[in-house]
Every structure is written in C-alpha cells, then in structure tokens.
Amino acid sequence: MGEVAQRYDDCKTILHPELGRIDVDAQLLFTENRAQTLVVLTTRPGTESHSKLELLSVIGHQQLTP
C-alpha cells in the first residue's frame with residue numbers, strides 16, 4: 001500500500017431533493033502518483049447539516065413525502 005503524498009481540504013455543498021442544502025467538509029487524500037484518491041465527507045457536529053446527514057442515515061432511500 002502506498003503512502004499518502006498530499007492532502008486537500010475544502011467545503012462542499014450537497015443539494016438533497018427533500019432536505020435541501022447540506023454543507024460538508026471534504027478531505028481528499030492522494031497517493032504520491034495520484035493513481036488513487038480517497039474522498040472523506042463529514043459534517044460539523046451540532047450543525048443543521050449534521051442533523052440532516054444523521055436523518056439520511058436513518059431513512060436511506062425512503063421518500064419523506066407521499
């Protein structure tokens with residue numbers, strides 16, 4: 001397994017069709033030759049985005065409206 005050569009942080013917004021805007025922190029980890037990239041998306045605890053992401057983890061693909 002190769003070493004992680006570079007790390008890049010950014011803030012992204014996901015627009016969910018029913019929950020709306022979810023702000024996530026994106027961390028991209030690259031291997032030295034950039035042949036592989038690991039993307040980690042997280043939300044900040046205590047934020048509305050964090051609550052929305054927790055709700056999504058429970059409801060999955062279910063629709064919130066009939």
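Just after H1, Gly 60 takes a positive phi of about 60°. Most residues other than glycine have a negative phi. You will find Arg 34 in the loop between S2 and S3.

Before going on, a word on what you are looking at. This is a predicted model, in which local features need pLDDT of at least 70 and side-chain atom pairs count only at pLDDT 80 or more, while totals for chains, interfaces and linings use all residues. Residues are numbered from 1 along each chain as its sequence is written, and side-chain values use heavy atoms, with hydrogens and water left out.

Now step back to the whole chain. Its secondary structure comes to 1 helix and 3 strands, and reading along the sequence gives the pattern β-β-β-α. Of the 66 residues in the chain, buried ones make up 20%. Here buried means under 20% relative accessible area, exposed over 50%, and partly exposed in between (1.4 Å probe, protein chains only). By that scale Arg 34, with a relative accessible area of 48%, is partly exposed.

Let us return to the helix. H1 has 12 residues and spans 17 Å from its first C-alpha to its last, close to the 16 Å expected at 1.5 Å a residue; the expected span is 1.5 Å times one less than the number of residues. Which residues of H1 are buried? They are Ser 49, Lys 52, Leu 56 and Ile 59. These four lie on the same side of H1, because they cover an arc of only 90° around the axis, the arc being that of the directions from the helix axis to the C-beta atoms. On the other side of H1, Ser 57 and Val 58 are exposed.

The structure holds 4 salt bridges, each being a side-chain nitrogen of Lys or Arg within 4 Å of a carboxyl oxygen of Asp or Glu. One of them pairs Arg 44 with Asp 25, with the closest N and O atoms 3.1 Å apart. This pair links distant parts of the chain, 19 residues apart: Arg 44 sits in the loop between strand S3 (37-42) and helix H1 (48-59), and Asp 25 in strand S2 (residues 20-31). Are the two partners buried or exposed? Arg 44 counts as exposed, at 54% relative accessibility, whereas Asp 25 counts as buried, at 18%. In another salt bridge, Asp 23 meets Arg 21 (2.9 Å, N to O), and Asp 23 is partly exposed at 29%. Asp 10 and Lys 12 form one too, their closest N and O atoms being 3.1 Å apart.

We finish on the surface, where Ile 14, Val 39 and Leu 41 form a nonpolar patch. Val 39 lies in strand S3 and is partly exposed, with a relative accessible area of 49%.

Technical notes
Helices (H or I, at least four residues) and strands (E, at least two) are DSSP runs, numbered from the N terminus. Patches are made of residues with over 30% relative accessible area and no salt bridge: like charges are joined within 9 Å, nonpolar side chains (Val, Leu, Ile, Met, Phe, Trp, Tyr) within 5 Å. Accessible areas come from the Shrake-Rupley method with a 1.4 Å probe; for residues, only the protein chains shown count as cover.
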